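Please open the structure in your viewer and keep the sequence beside it, as this tour moves from one selection to the next.

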Amino acid sequence: MIVKRKALNFWERLYLPAIIGGIKVTARHFARTLFGGKAVTMQYPEQKWAVPPDYRGAPYLVRDQEGHTKCVSCQLCEFVCPPKAIKIIPPGPAGQLADRPNAEKMPAEFEINMLRCIFCGFCQEVCPEEAIFLQKDYSLTGLSREEMIYNKEKLLELGGTHGGIQKWKHKLEEAREQENFPVKS
Amino acid sequence: MGQFTLFTAVKVFVAFNLMMTMVAYVVLAERRVCAFMQDRIGPNRVGPLGLLQPAADGIKSFFKEEFTPAHVRKIYFILAPAIALMPAILNLAVIPFGSQIGHQPMVLANLNVGILYTFGMVSLGVYSIVLAGYAANSKYPFLGGIRSSAQMISYEISMGMSVIPVFMLVGSLNLNQVIGYQAQGLLSWLVFKQPLAFAIFLGAAFAETNRTPFDLPEAEQELAGGYNIEYSSIKFALFFMGEYANMILASAMMVTLFFGGWTLPWLGLDQPAATLSGGIAHIAIFLAKVCVFLFGFIWVRWMWPRFRYDQLMNLGWCRFLPLALANIVVTAVWLWLRS
């Protein structure tokens, strides 16, 4: 397509209309921002943007609705983690038992190195217990590398409670029902 | 003699520090003003209203790694940023920034050929950019340097020609007498007597200071920063300071030549001050006028796009130069008819 170029008239060739237009636009924006407080800038640490509901931030461990650790130390997340940010120390044969009925174990220690974590969400996807979730934190700061390795306590505290599926509760109910199986009528 | 040296030393110290402070704050002003024009806020964290930002900038540029690439020509590489700030500082010597305090004239050197000295120093400014482009030994800085040299040469001629009518009217090259000529009321300001000369000088000043719309030597979009690509740390900051110091000096020159310098046509402020407060008021008037021009420089930068290279040369050689020459002839004829 050929665009017809209209020849500029004398007034336009003086650049003046363009200059005046530029002055008008910039002056308007200048006054509006300076006196009208119309700046689009968000004053970040004081103001924060609303995080969308399905945002994938930092992964934290969650507790179930009764306050028990959901993680059963299966280590699937540790194996799937692409940057190898997760380190789990299982309780071992003589270790501490799980803090809830019907679960065999819980991790003795669970660490996520937030400097390595890429927020990919594989741990959440692979977890059979729905014990780890990517949550809404996106700005993790610390003064040392050690501080950026989050341990189990910290992860559980940050993670909060998550009902989700209640697999073990249902299993327990099932087992109890099994005991009374021949329903006494 | 000893007293003269002492007073001059004090004046040099004060004027130099004042200018460097202004350089720092013009950078801040530029950042804030451009932010407002782009609906942003700009640096507002360091100190109240961000007023300590220049200090933070200075500390940062001193402590950054100073990297010298292996392929540069070392001597010129070091020389170029050193030269960048020099012309502006040297030019400061002849600018009458106030009338007098006590019996001390508020000018460092009351040269009879002030304007010639100014032009001589201004044309040294191009060396830092050309040297930087040459020393960097890589293509973008080199292109920036070439552009700068061509641009400076063409605009310096127009600039020189544009002020000749001013001196034909005043009859002296001494900047104090230029101001004295303009002290006879608002309409004797040379911007009203020689508007064309002022327009050409203004355009040429933008080109001389490498400011938009004539900032071709650095042209971030095409040349990725131009002549200063290879520089880091305080060397880069020196180029930056040089640019802003040149802006201040160009503004001071325009105020002196066309806008009555430190005078105001009201309240008897057009005569050299007899009292201390009057002397300080004159300095304040001068600085206020300079600040208006600096705001203009900043505003223009965030308003207009850059000229294309051929348009720039066309404007310089085919428009400004003939107009300036015609202006000289017209002024000469007018003066001849009047005499």
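Which residue follows α5(A), and what is its phi? Select Gly160(A), which comes after α5(A) and has a positive phi, near 80°. This is a predicted model, in which local features need pLDDT of at least 70, side-chain atom pairs count only at pLDDT 80 or more, and totals for chains, interfaces and linings use all residues. Residues are numbered from 1 along each chain as its sequence is written, chains are lettered from A and ligands numbered from 1 in the order in which they are written, and side-chain values use heavy atoms, with hydrogens and water left out.

Next, select α5 of chain A, residues 152–159 (helices are DSSP runs of H or I with at least four residues, strands runs of E with at least two, numbered from the N terminus). Its buried residues are Lys152(A), Leu155(A), Leu156(A) and Gly159(A) (buried means under 20% relative accessible area, exposed over 50%, partly exposed in between, with a 1.4 Å probe and protein chains only). Seen down the axis of α5(A), these buried residues fall within an arc of 95°, so they line one face of the helix (the arc is that of the directions from the helix axis to the C-beta atoms). On the other side of α5(A), Glu153(A) and Glu157(A) are exposed.
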